[in-house]
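Work through the exercises below with the sequence and the model at hand. Each task is followed by a solution in steps.

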Amino acid sequence: MKQPKPSKLAPARLQQWRLATQIGFFTLFVLAPALNLLRFDLSDTQLWFLGQRWSLGIDALANGQISATEAALQLVWRAFVPGLLVVAVFLGIAYRYGRLYCGWLCPHFSMVEMLNKLLHRACGKLSIWDKSPTPRPGAAPNAGWWPLFGLSCALMGFVWAITLLTYLLPPTVIWGGLIEGTLTPNQTRFLLIASTVFTLEFAFARHLFCRFGCAVGLFQSLAWMANPKGMVVAFARERARECKTCDAPRGSACDNACPMRLNPRNIKRMMFSCVQCGQCLTACDATQQAQQRTPTLEWQVGVEALRETLRQRKREQEHEHEERH
């Protein structure tokens, strides 16, 4: 499916559209098991997809209703072919547009951004491991936000734990057991352990997980890096001098806006974990327009992206040559 070019949207509209897609996909992520859109029921070893039971023919083979050949064909057409098609489409989009899923749909990254904002209001940082605050527009840090940040981490940890459990067991059983206090010991242990793990991850390691621990993000990045024509954030380096007055005295607006802690003006290989959220573009556009200038950052894809990649390689080679001599 051809993706839109969100960089052509006005800055406010760009982030409004992205917020809408994030909210919609997070809602789908939570409600999908209850609506039988996608879940695997361990209690009767049954896959549900789009409200229908998805059978691989194994039970029919065991009951003697179909032959081994028919069962093998069903397994190929109902499991391997759809799986390979989904992977191919997913990686095809990543090959051209990078980690678009992460920045525009991923429910985990949506929580990362929300918690970033709460933590920034509490202490001026985007991570408790930061040595110094990240300057962003808004009110001064207020310690009164700390309880809300901690409560949000715990609440999101629980939501993730119980949602994942409903992908494996009937949602009516899990939610009914939670409300009525009739959860089994194993179900209770799962919720307690998973909620604790997710809470700690959201509080202390959410950025590290997105950058280094998420296999979905890793494979998207690898596909994107293999394509020199893949969509990149291009920087008008001939206008680099203008960045000195960008968002003064807070510093570079694009650097401070990036939720993945990247420098958007850097070369592509240093942007490996870029999630194409476009916040750097929005920040650049806002600060440059305030100075009656056009933005120095924009998305480029296809031939223009290739030209940007070649320019980056040329600059790297020139820099290496200068260092050797």
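The model is predicted, so local features need pLDDT of at least 70 and side-chain atom pairs count only at pLDDT 80 or more, while totals for chains, interfaces and linings use all residues. Residues are numbered from 1 along each chain as its sequence is written, and side-chain values use heavy atoms, without hydrogens and water.

**Exercise 1.** How many residues of H11 are buried?

Solution. Buried means under 20% relative accessible area, exposed over 50%, and partly exposed in between (1.4 Å probe, protein chains only). In H11, 9 of the 12 residues are buried, so the helix is largely enclosed by the rest of the structure. Among them are Cys280, Leu281 and Asp285.

**Exercise 2.** Classify the ring pair Phe26 and Phe29.

Solution. Rings of Phe, Tyr and Trp (its six-membered ring) pair if their centres lie within 6.5 Å; planes under 30 degrees apart are stacked, over 60 edge-to-face, the rest tilted. The structure holds 9 such pairs. For Phe26 and Phe29 the centres are 6.1 Å apart and the planes at 50°, so the pair is tilted. Phe26 is buried at 17% relative accessibility, and Phe29 is buried at 12%.

Key. Helix = DSSP H or I, 4+ residues; strand = E, 2+ residues; numbered from the N terminus.
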